[in-house]
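This report describes how parts of the structure shown below are arranged and how they meet. Please keep the sequence and the model in view while reading.

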Amino acid sequence: MPLVSLIITLVIVGVGLWLINNYIPMDGKIKAILNVVVVILVILWLLSVFGLLGSLAPLRIN
């Protein structure tokens, strides 16, 4: 994945999370959980992109 695409994706995710946090009214606990989940997913995705985690394709949720 080219570096420009990676940066654009991170900016889009960040802006989306910012918009959700600022303009969608919800409880603070739910926002905190949402933020943690998004950050964990982005970290896992970045590790996968850089080849440090391996492919996420074999992970199956039954």
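## A polar contact between two side chains

The side chains of N35 and N21 are joined by a polar contact of 3.0 Å; a polar contact is a pair of N or O atoms within 3.5 Å, where, within protein, one atom must be able to donate a hydrogen and the other to accept it, and residues adjacent in sequence count only if both atoms are side-chain atoms. The model is predicted, with local features requiring pLDDT of at least 70 and side-chain atom pairs counting only at pLDDT 80 or more, whereas totals for chains, interfaces and linings use all residues. Residues are numbered from 1 along each chain as its sequence is written, and side-chain values use heavy atoms, leaving out hydrogens and water.

N35 and N21 lie 14 residues apart in sequence, with a C-alpha to C-alpha separation of 8.6 Å. Leaving aside residues up to four places away in sequence, N35 touches L17 and N21 (contact means heavy atoms within 4.5 Å). N35 counts as partly exposed because its relative accessibility is 23%; buried means under 20% relative accessible area, exposed over 50%, and partly exposed in between, with a 1.4 Å probe and protein chains only.

N35 belongs to helix α2, residues 28-49. Helices are DSSP runs of H or I with at least four residues, numbered from the N terminus. The 22 residues of α2 should span 32 Å at 1.5 Å a residue, and its end C-alpha atoms are 31 Å apart, which agrees; the expected span is 1.5 Å times one less than the number of residues. After α2 comes G51, with a positive phi near 80 degrees.

Helix α1 covers residues 3-23. Its buried residues are L6, L17 and N21. These residues cover an arc of only 35 degrees around the axis, so they are on the same side of α1; the arc is that of the directions from the helix axis to the C-beta atoms. The face turned away from this buried side carries the exposed residues V4, I12 and Y23.

α2 is among what covers the buried residues of α1. The two helices pack at an angle of about 175 degrees, with axes 11 Å apart. α1 is therefore roughly antiparallel to α2, a term for angles over 145 degrees. Axes are lines fitted to C-alpha atoms, for helices over the stretch in contact, and angles run from 0 to 180 degrees between N-to-C directions.

L10 of α1 touches V42, W45 and L46, not counting residues up to four places away in sequence.

Conventions:
Parallel < 35°, antiparallel > 145°, perpendicular 65-115°, else oblique.
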